[in-house]
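Biologist: Hi! I'm new to this structure. Could you walk me through a few parts of it?

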Amino acid sequence: MIPFYALSQNKISISGYIKDSTNGEALIAANIYVEELHQGTVTNAYGFYSLTIPEGNYTFKISYLGFSDKTFIREIKKNTTLNIELSPISTILESTEVQAKKKSENIQSTEMSSVKLNIKTIQRIPAFLGEVDLVRVVQLMPGVTTVGEGATGFNVRGSAVDQNLVLLDEAPVFNSSHLFGFFSVFNPDAVMDVKLIKGGIPAVYGGRLASILDVRMKEGNNKEYQGTGGIGVIFSRLAFEGPIVKNRGSFIFALRRSYIDYLAKPFMRKELKGSRFYYYDFTAKANYYLNKNNRIFVSAYLGRDVFSAVDIFGFDWGNQTLTARWNKVFSNRLFSNLTAYFSKYDYKIDMKMGESSFDWKSNIINYSLKPEFTYYFKPDFVLNFGGQSTFYTFIPGTSHTNLDGVVSTRSLDNKYAWENALYADFEQRVSKRLNLRYGLRYSHFDYIGKGTAYYYRDTTANILKPLENTQKFAWFKSIASYGNFEPRFAATYTIDSSSSLKLSFNRMAQYLQLISNTTASIPLDVWTPATNNIPGQIALQYALGYFRNFQEDKWETSVEVYYKSLLNQVDYIDNAALLLNEFMEANLLTGIGRAYGAEFFIRKHSGKFTGWLSYTLARSERLVEGINNGKWYPSRFDRAHNLNLVLMYEITKKISASGNFVFYTGTPATFPTNKYNFQGYIIPNIADNARNNYRIPPYHRLDLSVTIRGKKRKKWESNWVFSVYNVYARRNPFSIYFQPNPEDYMQTQAIRFSVLGRAVPAITYNFSF
């Protein structure tokens, strides 16, 4: 019952930050609850909270996953700043017990179709060659797939790789993979928080159709210096962090590099000794409190993959990001964050053959400014509002060719675009049972000069579109523009303390397009803006879910169904020429799409056995005139069945084991339906312009790992991780291709191409000091 004095007295605001007591790191989504008022709130992405309550004595309870609860009584007489520190649980077993107490948040929150991953959980799951990889862990969640080993990125609810917005400290990362998809660009030693949002996407986010992968870097220990690292089979990593000024500012930097090239060098022929095969990344961040109301952050990422053979070929690609942020507390109720970032993705390729050579480079660059505000009217009503302005530069390709001393240069025109958005987002608790989150985002996109616009005759046939006209535009002149209202809505109805119903709707707009007609996204794919020929993409997604916890929240279960309608989806004519093609847009067709399915999830949080089981039954289809005889056909990322099992077992306090098993339906592929003999040559044929008319065999894999923790010393902790990826050496097909049978040229044989066909063992030594 609410105390009688709380009904009559003036409202007072208390606010502050909730942090880790050991290193000063902000705790994102920590809970602060006032027992007498039965009200509470959670911290934002910077650990800040605000509560408005009447004057009086109250019992405050603070909680966060993996940390000890803190309860205290405080008399509140005036607007107050109250910073709070929580202590982490020291052992993994204790940590899982504490997590079980807090999981009812998944029942009451309006969030659905989302996954928040703890970095400690990510580190315990078996990994390829022993390297912890958060993107691979994301792929073990319901509704998330990949087209196979060696594929860049991931697919969410039947959408393309480029329809995921991947953020590193708010800056977009255009290629999230190293080594053709085997590793992600995120160094686990520098990551604090990972969140994937598949549906019910808040209005603060925009620019992509399918999902948001929001990765937040550690802030650095502001109390003492410490380091972490690891030595693996083909790579090593090191991170170091500490205070700039104790309790006021801190830094962290983390470095990884593979050394495949050094290991392979003794086995290479003499003429290949100078070859380079490696990847590296460098991550850094610093923050500083100017005063109690102002804090600044600077973070950066630089990563690259390099593959080259001396005087034969060279291929490298990489990302760069730089983010600057300013947090300001205007009052106990108003919090703001101003973000400015730079992001770049580029790749280069060169080839040599005698005196002849060829090189090609391409990139995408963007600059953005994003002001954000949060106003806390009261604990059950919060307003988030702000905007964003982003300027894009697309450099689709510049090449140089040397044929026996004859040099030629070919460059496609740069493209430029400017995207702006405004949003308002409300979080409201209507009653004890009903929570809402609703908002509206308006986005406007301008494809601008300097540049040349191409106008093609509109045709729905599966042929190259005829060019009708071209027009040159001066700097900043609008060539084509698009504007979209993007409403967002999510609601939770709490049935009882352990179950709830949730529903959500979101309309999303996307104005960037990854041009690729390969089975999987590769580093050579080119980004292009929406133009006069390529309209902005639209997605409308509806989702409904039932959530229930068991045994005092030790077990978490959910069932979600969704339907997604997609507009202005791009596909390609047969034998489309996409790279270094001035008339590339003549090869494109647009149509509609749909994706729908059901996701089942069960997770155990505490005890010696923990883990989860997820199963997704889904379809993803496209309808494009001129393709498949005008009928619906499966998209490249359509997988009907998707099963993931993850188990973790604490054998002793020093030894733990884990394993995961995955099973996916095979991806669609386009195979010839018949063939004919023309003057002795066998010509394959695809009837009715069929697209994705067959499926490759299913994908399945088992991974295992064992972790042995060393003796804990005063300033040194370590563990050994022994892992086996693809335990039973399954030759999962990446693609199927056809060739004449060498024994009978009139017969055609199908060849299975597998990226991996054997078990891959690994050993890694991890340490911290």
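Modeller: Happy to! Strand β42 (residues 655-664) pairs with β41 in the antiparallel sense over 9 bridges. Two strands pair if DSSP finds at least two bridges between them, and strands are DSSP runs (E, at least two residues), numbered from the N terminus. This is a predicted model, where local features need pLDDT of at least 70, side-chain atom pairs count only at pLDDT 80 or more, and totals for chains, interfaces and linings use all residues. Residues are numbered from 1 along each chain as its sequence is written, and side-chain values use heavy atoms, with hydrogens and water left out.

Biologist: Thanks! What joins β41 to β42?

Modeller: A hairpin does, through 4 residues. Across the pair, Y649 has A657 in β42 as its bridge partner.

Biologist: And which side chains of β41 are buried?

Modeller: They alternate along β41 (residues 641-650): N642, N644, V646, M648 and E650 point to one face and are buried. Buried means under 20% relative accessible area (1.4 Å probe, protein chains only).

Biologist: Which residue stands opposite L645?

Modeller: That's L613. Strand β39 (residues 609-623) also pairs with β41 in the antiparallel sense, over 9 bridges.

Biologist: Switching topic: where is N327?

Modeller: N327 is in strand β23 (residues 313-329), and N327 is buried, with a relative accessible area of 0%.

Biologist: Which residues does N327 touch?

Modeller: Leaving out residues up to four places away in sequence, N327 touches Y46, N293, N294, R295, F297, F335, S336 and N337. Contact here means heavy atoms within 4.5 Å. The N327 side chain also makes a polar contact with the side chain of N337 (2.7 Å). A polar contact is a pair of N or O atoms within 3.5 Å; within protein, one must be able to donate a hydrogen and the other to accept it, and residues adjacent in sequence count only if both atoms are side-chain atoms.

Terms used:
Buried < 20%, exposed > 50% of the residue type's maximum accessible area, 1.4 Å probe, protein only.
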